[in-house]
Amino acid sequence: MSAKVVSKLKSQFGDRILDTTNFRGDETVTVALKDWVEVATFLKEDDACDMSMFVDLTAVDWPERETEGEPRFDLMLFLRSYTKKHRIAVRTKVKDQEKAPTLTSIWAGATWPEREVWDMFGIFFKGHRDMRRILLYEEFEGHPLRKDYPIDKAQPLIEYRDVEGTRKLPPFGIEEGQPFARVNWEERLAGRDQQVSPSIGAQVGQQRTLSDSRVAAAELAEVQAAVDAEPPPEAPQE
Amino acid sequence: MQPLDEVFEEEDGSFELPTNPMRLNMGPSHPAMHGTIRMVLDLDGETIENVDVQPGYLHRGFEKSCERGTWQQVFPYTDRLNYVSPMLNNIGFSLAVEKLLDIEVPERCQYYRVILGELSRITDHFTCNGATAMELGAFTPFLWLLKVREMVWGVLERESGARMTHSFGRIGGMAHPPTAGFKDWVMALIPEIERVLIETEALLARNRIFLDRMDGVGVLSQERALELGASGIVLRSTGIEYDVRKDHPYMVYDRFDFEVPVGCDGDNWDRFTLRQEEIRQSVRIIKQAIEQMPDEGPINVDDPRIILPEKNEVYNTIEATISHFKLVMEGVKPPKGAVYSFTEGGNGELGFYIISDGSGTPYRVRVRPPCWFNLQSSREMMIGDLMADIIPTFGSINMIGGECDR
């Protein structure tokens, strides 16, 4: 949304701006994680940029990038200038288990979004004063917006702390019979499943679905072979 | 805090007893906390020394659920973000996907969206002002405002079929074209809205109790509001003129003559009056949009990859049947890429950061909820005030649980 800010950043940081993209009018610059705070400080304090308004901070999970040796997460920062009315998005890449530096000392508004990113993606922020979970509860296991977190995963229920021996039971079983999501990330990351939905998957020749005729045929052949191998029952002797 | 063994006696001979801050738990089961927010307060007498605002009680996994189905299947979820003005969320999400697809809906649809959106904004502000007054003990304005809100929802129901959760937006258009009586019904609403605005102000604006609890309470400074990411009424009450409709016009908002009212103190009273004033501006926009809106013309974009074919054709031609099947089973397939699209929601900048991987399923849908940031800045408004001031302050930021916790 502002090419001026991008050129200003390029002249200031040179090669340290790793990439710039303009898609549908949205300007995004990519920086390394070690330059994250420095670029953010510059954007806030430089008079030509003057990004005084904090808009949003979020993350995106790309688990398939990890197999290529790339960092797994994207941290996205959205900013706006009140005086200049321009906007920019800054991206950096974070590895799994890597700690990102906090931006709360630059914009106080980053406090809750960073807590949310920690809650949902498990990216820890160094220097943040209050890294508690924010939307979920402390006993929650895992970080739900990671792609390898199954959407229908059941969480262990927390025992009542005051009544001894009381356990709450889930209202339904873990298996509800029908796949809940169109993408099975567990299968996809294991390289067994590239499809997006069962109907499309069958068209592109995906390797495994419940209704795949090849699987069904193979299973049928197995059963037939087992039946054939069994000796016929002897006729009862009279 | 002083240790107890210290000498209490001051130099002038008076006594000052040492005090400890009291920790008090407020909510989530508190009527004014909407059942979704917990506040842990550190009180010095009745003054708030520190407050920890804890959201999350209404978290339903909106963003995770969106990664499950098709792009069209996100619309019912957006209804449940800000459930007082669902149409604005529908439109905001439609615009985001349309930006990703790089299409623009026909002009008639844009006017239609503007009118429906502004009606939703009116209901949003009515609800907030009415609820704020009710929480301070004034029940009459609440009922009067809700009476008119029901009338507005009546019109929206006639258009979309549902009172609140419309699911009326579509990628590349709307679910139905405007009904025959649409313009007349909207025009019939306007005198009612204007009348109830005057009545509310007559009831509240010179009410001593109401003024005492609103004026000068819950103050937020300009710099902090900007830094904390506040938007909408909360930001404008501090005197900052930022309205997405004016600063980054989308749809046909640049064709209307309207003003962005701003406050000066950033207190509850400013937020209350700004909502009243914004309803007036919304009425102004609606009047102009009704005049300019064409009566004839298409509502949806003409693209069989995006819009479902007519039912008549689906039942009679094989091409439309296939198109219908593919759209329902596979969904709209936006090109690979990521966009951040933002509109002015009921509470401020409602942003959608959406990523497509080229398939029919959203890769990531991030919603930037205005309430989230407004609630974050409410901590600053409350510290230093009295405990009873939490009720009007919390009421005037219009926290909507569905949007805040997603």
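The structure is a predicted model, in which local features need pLDDT of at least 70 and side-chain atom pairs count only at pLDDT 80 or more, while totals for chains, interfaces and linings use all residues. Residues are numbered from 1 along each chain as its sequence is written, chains are lettered from A and ligands numbered from 1 in the order in which they are written, and side-chain values use heavy atoms, with hydrogens and water left out.

We begin with the interface. In chain B, 55 residues are in contact with 53 residues of chain A, where contact means heavy atoms within 4.5 Å. The size of an interface is often given as the accessible area lost when the parts come together. Here chain B and chain A bury about 4,600 Å² between them, and 56% of it lies on carbon and sulfur atoms; buried area is the accessible area (1.4 Å probe) that two parts lose on being put together, summed over both. B:Lys64, B:Arg68 and B:Tyr363 supply 17% of the area that chain B buries against chain A, more than any other three residues.

Polar groups also meet across this interface. Between chain B and chain A there are 25 residue pairs in polar contact, both residues being at pLDDT 80 or more. A polar contact is a pair of N or O atoms within 3.5 Å; within protein, one must be able to donate a hydrogen and the other to accept it, and residues adjacent in sequence count only if both atoms are side-chain atoms. Several elements give two or more residues to the side of chain B that touches chain A, among them strand 3 (47-54), helix 3 (86-101), strand 6 (337-344), strand 7 (349-356) and strand 8 (362-368) of chain B. Helices (H or I, at least four residues) and strands (E, at least two) are DSSP runs, numbered from the N terminus. The largest share of this side, five residues, comes from strand 6 of chain B. By type, the residues of this side divide into 22 nonpolar, 13 polar and 20 charged; Ala, Val, Leu, Ile, Met, Phe, Trp, Tyr, Cys and Pro count as nonpolar, Asp, Glu, Lys and Arg as charged, and the others, Gly among them, as polar.

The next topic is the salt bridge, defined as a side-chain nitrogen of Lys or Arg within 4 Å of a carboxyl oxygen of Asp or Glu. The whole structure holds 52 salt bridges over all chains, and 11 are found across the interface of chain B and chain A. One of the salt bridges joins A:Arg80 to B:Asp247, with the closest N and O atoms 3.7 Å apart. Another joins B:Arg406 to A:Glu116, at 2.9 Å between the closest N and O atoms. This pair crosses between chains, from the segment after helix 16 (401-405) of chain B to helix 4 (residues 111-121) of chain A. B:Arg406 is buried, with a relative accessible area of 2%, and A:Glu116 is buried at 4%. Buried means under 20% relative accessible area, exposed over 50%, and partly exposed in between (1.4 Å probe, protein chains only).

Within chain B, the side chains of B:Glu150 and B:Arg163 meet in a salt bridge (2.9 Å, N to O). B:Glu150 lies in helix 5 (residues 139-160) and B:Arg163 in the loop between helix 5 and strand 4 (169-170), so the pair ties together parts that are 13 residues apart in sequence. B:Glu150 is partly exposed, at 33% relative accessibility, and B:Arg163 is partly exposed at 34%.

Finally, we turn to strand 7 of chain B. Eight of its eight residues are buried, so strand 7 is largely enclosed by the rest of the structure. In a regular strand the side chains alternate between the two faces of the sheet. In strand 7 of chain B, B:Glu349, B:Gly351, B:Tyr353 and B:Ile355 point one way, and B:Leu350, B:Phe352, B:Ile354 and B:Ser356 point the other way.

Strand 7 also has paired strands beside it in chain B, two strands being paired if DSSP finds at least two bridges between them. Eight bridges join strand 6 to strand 7, and these strands run antiparallel; B:Tyr340 stands opposite B:Tyr353. Strand 7 and strand 8 pair in the antiparallel sense over six bridges, where B:Ile355 has B:Arg364 as its bridge partner. The hairpin of strand 7 and strand 8 has five residues between the strands, and B:Gly358 takes a positive phi near 90° there.
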